[in-house]
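Colleague: Could you take a close look at the aromatic pairs for me, and at what surrounds them? I'd enjoy a connected walk through that part.

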Amino acid sequence: ASAEAHRRLWEASFAFADEWKEKALTTVFLEPTKMYYAASGDHRLVENVEVHGASVYLAVLMSTLGVSCPRLPFMLDAPFAAVSFLDALDADQMAELWLEEHFGKPYQA
(Lines give C-alpha, C1' and ligand atoms only; values in the text may rest on other atoms or scores of the structure.)
Protein backbone atom coordinates (compact mmCIF):
# COMPACT_ATOMS: atom_id res chain seq x y z
CA ALA A 1 0.00 0.00 0.00
CA SER A 2 2.85 2.37 0.83
CA ALA A 3 4.56 1.73 -2.51
CA GLU A 4 1.29 2.39 -4.35
CA ALA A 5 0.75 5.66 -2.44
CA HIS A 6 4.32 6.69 -3.24
CA ARG A 7 3.83 5.91 -6.94
CA ARG A 8 0.58 7.89 -7.08
CA LEU A 9 2.13 10.87 -5.33
CA TRP A 10 5.11 10.73 -7.70
CA GLU A 11 2.83 10.65 -10.77
CA ALA A 12 0.67 13.48 -9.46
CA SER A 13 3.78 15.56 -8.75
CA PHE A 14 5.08 15.09 -12.27
CA ALA A 15 1.66 15.87 -13.77
CA PHE A 16 1.47 19.07 -11.69
CA ALA A 17 5.01 20.10 -12.70
CA ASP A 18 4.29 19.47 -16.39
CA GLU A 19 1.06 21.46 -16.24
CA TRP A 20 2.80 24.31 -14.41
CA LYS A 21 5.65 24.41 -16.95
CA GLU A 22 3.16 24.50 -19.84
CA LYS A 23 1.27 27.38 -18.19
CA ALA A 24 4.54 29.22 -17.55
CA LEU A 25 5.60 28.80 -21.20
CA THR A 26 2.22 30.14 -22.28
CA THR A 27 2.30 33.11 -19.90
CA VAL A 28 5.92 34.14 -20.27
CA PHE A 29 6.56 33.46 -23.97
CA LEU A 30 3.62 32.44 -26.15
CA GLU A 31 0.91 34.92 -25.17
CA PRO A 32 3.20 37.99 -25.19
CA THR A 33 4.40 36.92 -28.64
CA LYS A 34 0.83 36.56 -29.89
CA MET A 35 -0.01 39.97 -28.40
CA TYR A 36 2.97 41.53 -30.19
CA TYR A 37 2.04 40.06 -33.57
CA ALA A 38 -1.65 40.93 -33.13
CA ALA A 39 -0.72 44.53 -32.30
CA SER A 40 1.52 44.56 -35.40
CA GLY A 41 -1.37 43.31 -37.53
CA ASP A 42 0.51 40.17 -38.55
CA HIS A 43 -2.19 37.57 -37.94
CA ARG A 44 -0.36 34.94 -39.99
CA LEU A 45 2.39 34.90 -37.38
CA VAL A 46 -0.13 34.93 -34.50
CA GLU A 47 -1.44 31.64 -35.88
CA ASN A 48 2.08 30.16 -36.02
CA VAL A 49 3.17 30.99 -32.48
CA GLU A 50 1.74 27.80 -30.89
CA VAL A 51 3.80 25.58 -33.21
CA HIS A 52 6.82 27.39 -34.63
CA GLY A 53 7.25 30.08 -31.95
CA ALA A 54 6.83 27.50 -29.20
CA SER A 55 9.48 25.35 -30.84
CA VAL A 56 11.94 28.26 -30.80
CA TYR A 57 11.27 29.13 -27.16
CA LEU A 58 11.36 25.47 -26.06
CA ALA A 59 14.70 24.96 -27.83
CA VAL A 60 16.15 28.05 -26.13
CA LEU A 61 14.92 26.93 -22.70
CA MET A 62 16.31 23.43 -23.19
CA SER A 63 19.67 24.46 -24.66
CA THR A 64 20.45 27.35 -22.33
CA LEU A 65 18.81 26.44 -19.02
CA GLY A 66 18.26 22.70 -19.35
CA VAL A 67 14.52 23.16 -18.84
CA SER A 68 12.45 20.48 -20.51
CA CYS A 69 8.74 20.94 -20.98
CA PRO A 70 6.01 18.40 -21.73
CA ARG A 71 6.14 19.27 -25.43
CA LEU A 72 9.48 19.06 -27.13
CA PRO A 73 10.86 21.47 -29.71
CA PHE A 74 11.26 20.40 -33.31
CA MET A 75 14.95 21.17 -33.66
CA LEU A 76 14.84 21.35 -37.48
CA ASP A 77 11.95 23.83 -37.51
CA ALA A 78 12.29 27.20 -39.21
CA PRO A 79 12.89 29.80 -36.48
CA PHE A 80 9.94 32.12 -37.01
CA ALA A 81 6.90 33.28 -35.02
CA ALA A 82 9.16 34.20 -32.11
CA VAL A 83 10.08 37.78 -31.32
CA SER A 84 11.82 39.92 -28.72
CA PHE A 85 8.48 41.14 -27.36
CA LEU A 86 10.05 42.78 -24.30
CA ASP A 87 11.42 45.47 -26.61
CA ALA A 88 8.00 46.11 -28.16
CA LEU A 89 5.34 45.75 -25.48
CA ASP A 90 5.21 48.41 -22.81
CA ALA A 91 5.65 47.79 -19.10
CA ASP A 92 1.91 48.07 -18.39
CA GLN A 93 1.10 45.41 -21.01
CA MET A 94 3.71 43.03 -19.63
CA ALA A 95 2.63 43.63 -16.03
CA GLU A 96 -0.97 42.83 -16.99
CA LEU A 97 0.02 39.67 -18.89
CA TRP A 98 2.14 38.41 -16.01
CA LEU A 99 -0.42 38.90 -13.23
CA GLU A 100 -0.95 35.70 -11.24
CA GLU A 101 -4.63 35.55 -12.17
CA HIS A 102 -3.64 35.38 -15.86
CA PHE A 103 -1.18 32.51 -15.39
CA GLY A 104 -1.59 30.06 -18.26
CA LYS A 105 -4.47 31.98 -19.87
CA PRO A 106 -4.70 33.59 -23.30
CA TYR A 107 -4.14 37.35 -23.36
CA GLN A 108 -7.55 37.82 -24.99
CA ALA A 109 -9.43 36.05 -22.18
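**Aromatic pairs and their surroundings**

Modeller: Happy to. Let me start with tryptophan 10, which counts as exposed because its relative accessibility is 52%, over the 50% cut-off. Please keep in mind that this is a predicted model. Phenylalanine 14 has a relative accessible area of 45%, so this residue is partly exposed. Tryptophan 10 and phenylalanine 14 both belong to helix α1, where they sit 4 residues apart, about one turn of the helix.

Now for the rings themselves. The structure holds 4 aromatic pairs in total. One of them joins tryptophan 10 and phenylalanine 14 in an edge-to-face arrangement, with 5.0 Å centre to centre and 75 degrees between the planes. That angle is over 60 degrees, which is why the pair counts as edge-to-face.

Another pair is made by phenylalanine 29 and tyrosine 57, and this one is stacked: the centres are 4.9 Å apart and the planes are 25 degrees apart. Here the label follows from an angle under 30 degrees.

Leu30 is, with Leu25 and Leu89, among the residues with the most contacts inside the largest nonpolar core, which has 17 residues. Helices α1 (2-40), α2 (43-65) and α3 (91-97) each supply at least two residues of this core. The largest share, 7 residues, comes from α2. As general background, nonpolar side chains in soluble globular proteins tend to be buried together.

One last stop is on the surface. Val28, Leu86 and Trp98 form a nonpolar patch there, with about 270 Å² of accessible area together. Valine 28 lies in helix α1, and it counts as partly exposed because its relative accessibility is 31%.

Methods. Residues numbered from 1 in each chain as written. Predicted model: local features only at pLDDT ≥ 70, side-chain atom pairs only at ≥ 80, totals over all residues. Heavy atoms only, no water. Core = buried A, V, L, I, M, F, W, Y, C linked by side-chain atoms within 4.5 Å. Buried < 20%, exposed > 50% of the residue type's maximum accessible area, 1.4 Å probe, protein only. Phe/Tyr/Trp six-rings, centres within 6.5 Å; stacked < 30°, edge-to-face > 60°. Patch = residues over 30% accessible without salt bridge, like charges linked within 9 Å, V, L, I, M, F, W, Y side chains within 5 Å. Areas by Shrake-Rupley, 256 points an atom, 1.4 Å probe, with all protein chains shown as cover. Salt bridge = Lys/Arg side-chain N within 4 Å of Asp/Glu carboxyl O.
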